[in-house]
Amino acid sequence: MAQLASVPSLRGLPVVGNALRVPRDRPSAYFEEVAARHPGGLYRMELPGRSVLFVYDPDLVAELCDESRFYKPVDAPLSTVRDFAGDGLFTARGDDPVWGQAHRILLPAFGQRSMKAYFPQMLEVAEALAAKWARSDEVNVPEDMTRLTLDTISLTGFGYRFDSFRSAELHPFLQSMGNALTEAMARNRQLPFVTRVKRRADEAYRADIARMRELVDEVIRERRAAGARTGETDLLGLMLDAADPRTGERLSDANIRDQVLTFLIAGHETTSGLLSFAIYNLLRNPQVLAQAYAEVDRLLPGDTVPTYETIMKLDVVPRILDETLRIWSPIPSIGLAPYEDTVIGGRYPVAKGSKCVVLLPPLHRHPKAWERPDEFDIDRWLPENKAAHHPHAYKPFGNGERACIGRQFALTEARLALALVLQRFAISDPEAYRMEIKQTLTVKPDNFTVRVRPRRAAE
Ligand code: HEM
């Protein structure tokens with residue numbers, strides 16, 4: 001057997017470890033900077049109360065993605081997010097039967113057939129974005145993409161209208177969600193007694209959670225008041241009516257509440273980041289932008305209304321999304337832990353249950369797996385090139401059975417929104433925006449505004 005080796009480690013101070021070095025507003029960027037100084041593909045860092053192994057070498061990640069050896073642990077920060085997302089799919093423990101029940105009940109709502117059924121509502125919301133942009137000169141991209149994705153998941157999933165494009169301010173739900181996520185992340189970095197003494201922060205946190213729950217209750221109440229139309233196949237319909245095909249059990253009211261809140265959060269933050277990063281990449285890569293316009297003009301000439309079938313014929317637009325998710329992954333890391341004491345890479349010991357974090361940005365740019373890793377090259381996603389990719393060097397949607405259930409939903413929604421924007425608008429950024437990342441649980445460009453002109457007028 002090969003000799004065991006110790007993992008490169010950042011020891012840090014007693015008790016707090018390296019917490020004081022990790023910037024509050026951009027922890028992932030810091031973990032990535034440390035990764036750049038550790039080309040071996042992994043390092044260990046002490047954080048308050050725990051020691052974390054960060055991994056980004058594709059071959060080591062391949063081992064971590066072996067579901068017979070590793071599982072998704074629901075510890076910090078997800079254990080704190082449980083304060084409001086409870087036993088929703090994202091934060092439920094994999095060994096809790098309620099995760100399997102909800103997963104099996106909800107899976108049919110995420111297949112291709114459901115995407116086709118959601119399409120008219122997705123289009124309605126995308127048209128609301130286009131109508132707003134037609135009236136605007138300059139737009140804040142992440143804010144409008146957040147309006148789009150929040151309205152889309154709530155309308156398609158729950159039949160609930162936020163009507164976000166009617167208001168100059170973002171919906172108060174988003175404010176409460178942002179505050180609660182920020183506080184959850186802060187709690188993750190501080191010792192428990194600090195959390196206990198910060199009374200005011202705790203009161204604000206509870207108030208934000210209460211406000212989010214009020215909205216969720218309203219969403220459920222509206223559906224029930226609408227006459228409990230049985231047979232609805234959207235997310236809420238399935239949760240209210242369907243039984244788990246394996247156990248025959250239904251979801252409890254408390255669990256439905258957790259799931260609605262989970263979908264409202266998980267179903268919009270990430271897709272909004274993806275669309276914002278995609279527009280950023282297009283502005284930085286005019287040749288790709290020209291290719292995208294050419295494709296959209298061919299498939300959606302003039303005022304052609306997009307259909308599900310046309311959106312599925314797109315080829316350049318989805319490759320832009322794939323490459324955007326490689327360069328800028330809205331979820332910057334996923335957590336895993338081994339069932340038993342184990343060894344990875346033939347020499348690094350990992351203790352049973354200990355926290356491992358796969359850092360997606362350095363994995364997605366790892367030179368072992370990617371040629372010219374910093375280059376935005378959509379041809380990597382041509383079928384002939386895709387087949388040659390390292391099988392574990394691209395994980396924007398996570399891994400295995402705990403991977404994203406909403407992947408098709410996100411990609412359908414994003415294809416449509418990007419195609420509609422390209423059909424209608426000439427986009428430019430005269431201010432030459434420089435990327436500034438804002439992080440909560442996900443990452444997004446901050447203060448990213450662009451100029452939009454109706455294309456017909458511009459031509
Ligand atoms: C899980 C990424 C869109 C719902 C995940 C995970 C990732 C991810 C990385 C795994 C997290 C982990 O291992 O802890 C993304 C990205 C998206 C996106 C990059 C958009 C570009 C969506 C959408 C929905 C959604 C649109 C819902 C409509 C969920 C849920 C889970 C999840 C419920 C938990 C699944 C489970 O553990 O059973 N997502 N997601 N996501 N995502 Fe997404």
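Tutor: Two strands are said to pair if DSSP finds at least two bridges between them. The model discussed here is predicted.

Student: What makes E2 and E3 a pair of strands?

Tutor: Strand E2 (residues 42-47) and strand E3 (residues 50-55) are joined by 6 bridges. The definition asks for at least two bridges, so E2 and E3 count as paired.

Student: Why are E1 and E4 called edge strands?

Tutor: The open sheet has 6 strands in the order E1-E2-E3-E9-E6-E4, with mixed pairing. Strand E1 (9-10) and strand E4 (70-71) each pair on one side only.

Student: Which strands pair with E13, and how do you know?

Tutor: Strand E5 (residues 138-140) pairs with E13 over 3 bridges, and strand E10 (residues 425-428) pairs with E13 over 4 bridges. At least two bridges are required, so both qualify. Both pairings are antiparallel. Arg451 of E13 is the bridge partner of Glu138 and also of Ser428.

Student: Why is H11 described as mostly covered?

Tutor: A residue is buried if 20 or more other C-beta atoms lie within 10 Å of its own. In H11, 10 of the 14 residues are buried, among them Arg257, Asp258, Phe263 and Ala266. Ala266 also belongs to a core, as described below.

Student: What makes a group of residues a nonpolar core, and which residues have the most contacts inside the largest one?

Tutor: The members must be buried, of the nonpolar kinds listed for a core, and joined through C-beta atoms within 7 Å. The largest such core has 47 residues, and Ala278, Ile320, Ala417, Leu418 and Ala419 have the most contacts inside it. H18 gives the largest share of this core, 11 residues. A second, separate core of 41 residues includes Ala85, Met177, Val219 and Ala266.

Student: Which residues come nearest to the ligand, and which helices supply its shell?

Tutor: Of the 25 residues around the ligand, Gly267, Thr270, Gly398, Cys404 and Gly406 come nearest. H11, helix H12 (269-284) and helix H18 (407-424) each supply at least two residues of the shell. The shell divides into 16 nonpolar, 7 polar and 2 charged residues.

Key: Residues are numbered from 1 along each chain as its sequence is written. This is a predicted model: local features need pLDDT of at least 70, side-chain atom pairs count only at pLDDT 80 or more; totals for chains, interfaces and linings use all residues. A residue is buried if 20 or more other C-beta atoms lie within 10 Å of its own, exposed if 12 or fewer, and partly exposed in between; C-beta atoms are placed from the backbone. A residue is near a molecule or strand if its C-beta atom, placed from the backbone, lies within 6 Å of it. Ala, Val, Leu, Ile, Met, Phe, Trp, Tyr, Cys and Pro count as nonpolar, Asp, Glu, Lys and Arg as charged, and the others, Gly among them, as polar.
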